[in-house]
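Here are my notes for your review. Please read them with the model open beside you.

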Amino acid sequence: MTLKSPKLMEARRAAGILESALRGHTGDLTLADASAKSGLPLRDAESGLHFLVSEYRGHLKATSEGELLFRFPHGFTRPWETRTRLERALGAVVRGAAGVARFVVRAWIAIVLIAYVVIFVGILIAQLFARSSSDSREHGSFSGSFASYLLFRMVLDAIFWTFHPFSPFVWTADPPWSSSASYDRRGAFGQRRDETPFYEKVNRFFFGPTPAPRDPLEDEKLILAEIRAQRGRIGLADVMRVTGLSRDEADPLMARLMLDYDGTADVSEEGGIVYRFEAIRRTTAEAPSRAPAPVWAKREELPPLTGNGPGVNALIVALNGFNLLMSLYALGAHLTLDNLGLLARGVPMAELPATGTAVALGVVPLVFSLALFALPLGRALLRPLKRRRLARRNARRAVLRAILTRVGARQGREPITEAVLQRAWQDAAGEAPRSEEITREVVALGGDVDLEAGEGIRYRFPDLETEAKALEAEREAASEEEARPGKVIFSSDA
């Protein structure tokens, strides 16, 4: 395999990643500290740190071992700079415009949904007013006008008392009369109230909850934390343990990490491969590094269909269903834009011309409402497939756990039988595995059938066994001096 030469990251971009990863850090830190916390290669972490030193007036220290220590006494702030009122006002305007743009992009479905509800309610009220005006002309009474006015007030009062924050009917996670509710200075009831905006709840109903963003450098950070916790020596089994990657994925990844973090690969007499990263161990921290949790420690669960409460879902269904029924009514009543203008001028529905197709009030909301109902229905139909996929992923991790916890010099020669792996799979997935699924996982981890075993099928993993023995010897021989940056012989803040 031919490895490409490493590509340097722009210093400003590397500084931005470091600023986010090191926010809140106090005291000195080594290049290895910054690299491990950010997931950046040593070369990029070095250029980013020097950029941050110049931007935020940081300090440098040199040790007797030739190590540089970086310190940011002001954090990532510039207290020596002052901003004028004009700059602050301009910044507020820019942030406000950006916020409005983000709101429009994320809330357009809720805006269209509510807009059609308001339009259709207005049409119903206009019909009542037109009918009452006709009745008044025919019968010379004001009873129809009074009834229309009364209905109009009822609609407004219902909207007011439904969404007003002081209303006892306000939609909150904890109603104001509950024992856990309390009133704060902002006039909001309930400390545990759901603060999610309504448009976000609409999006969650139709598209599902927004998944948490995944750090693209998450795997690198986990591996670096494992390296530091294991005295700078790891194997492919360690990579698979903390990331869940397959052996075929972990092998080329380690080749790249050796380029990024000054690593080397050693081979023991028995053929066990050990990846050594001495440079990444250096730190100013007193406590030893903690190993990350294994990938099987956290079970992957299927996210909820909407993430909303039943009341919120019922409200959204009612709003969209109302638009659907009103769009069918608009098509049957030929509520074109021309007829809508006549209706606004007081012409009764019975006298409107029955010509034309209601596109804006009929076809568009009909297609829109049907599509919105189809989205959660389609996601609900696909949930069993997604649940089975997650179950298989959890089952593969359980098999990985059963193998890695039984392979190694410290655990001894505990047998890895087919029954053990099948039980691990079934406990995680909730159903028994097929024989080819277990075979596939064993082959992917470099396992073979132990032909010398007695009854039943047993597996051996010679590569993982030799790797575990080599790692044990390397870690016992690793010096703690590798992790020490050395004595400070010069400081720029002295």
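1. Is Asp28 buried or exposed? At 18% relative accessibility, Asp28 counts as buried. The cut-offs are these: buried means under 20% relative accessible area, exposed over 50%, and partly exposed in between, with a 1.4 Å probe and protein chains only.

2. A word on the basis. This is a predicted model, in which local features need pLDDT of at least 70, side-chain atom pairs count only at pLDDT 80 or more, and totals for chains, interfaces and linings use all residues. Residues are numbered from 1 along each chain as its sequence is written, and side-chain values use heavy atoms, with hydrogens and water left out.

3. Overall make-up. The protein has 15 helices and 10 strands. Both are DSSP runs numbered from the N terminus: helices are H or I with at least four residues, strands are E with at least two. Of the 494 residues, 37% are buried. Among contacts (heavy atoms within 4.5 Å) with a separation of 6 or more, 65% join residues 24 or more positions apart.

4. Salt bridges, and the Asp28 pair. The whole structure holds 30 salt bridges. The term means a side-chain nitrogen of Lys or Arg within 4 Å of a carboxyl oxygen of Asp or Glu. Asp28 bridges to Arg71, with N to O at 3.3 Å. The two are 43 residues apart: Asp28 sits in the loop between helix H1 (11-21) and strand E1 (29-30), Arg71 in strand E3 (residues 68-71). Arg71 is partly exposed, at 30% relative accessibility.

5. Helix to helix. Arg475 and Asp238 form a salt bridge, their closest N and O atoms 3.0 Å apart. Arg475 belongs to helix H15 (residues 462-477) and Asp238 to helix H8 (residues 236-243), so the bridge ties together parts 237 residues apart in sequence. Both ends are covered. Arg475 is buried at 17%, and Asp238 is buried at 5%.

6. Loop to loop. Glu480 and Arg281 also form a salt bridge, with closest N and O atoms 3.6 Å apart. Glu480 is in the loop between H15 and strand E10 (488-491), and Arg281 is in the loop between strand E6 (273-276) and helix H10 (310-332), so parts 199 residues apart are tied together. Which end is buried? Arg281 is, with a relative accessible area of 5%. Glu480 is partly exposed, at 39%.

7. Arg231 deserves a check: its phi is near 60°, a positive value in a residue other than glycine. Arg231 lies in the loop between helix H7 (218-229) and E4. At 33% relative accessibility, Arg231 is partly exposed.

8. The E4-E6-E5 sheet. Three strands form an open sheet in this order, with antiparallel pairing. Strands E4 (233-234) and E5 (264-267) are at the edges with a single partner each, so one side of each has no neighbour in the sheet. Pairing requires at least two bridges found by DSSP between two strands. E5 and E6 pair over 4 bridges.

9. Asp262 lies in the loop between helix H9 (247-260) and E5. Its relative accessibility is 52%, which counts as exposed.

10. Helix H2. Of the 8 residues of H2 (residues 31-38), 7 are buried, so the helix is largely enclosed by the rest of the structure. Among them are Leu31, Asp33 and Ser38. The buried residues pack against H1, E1, helix H3 (42-56), E3 and H7. Just after H2, Gly39 takes a positive phi of about 80°.

11. Trp108. This residue is in helix H4 (residues 85-139). Trp108 is partly exposed, at 47% relative accessibility. The C-alpha atoms of Trp108 and Asn203 are separated by 9.4 Å, although the residues are 95 apart along the chain.
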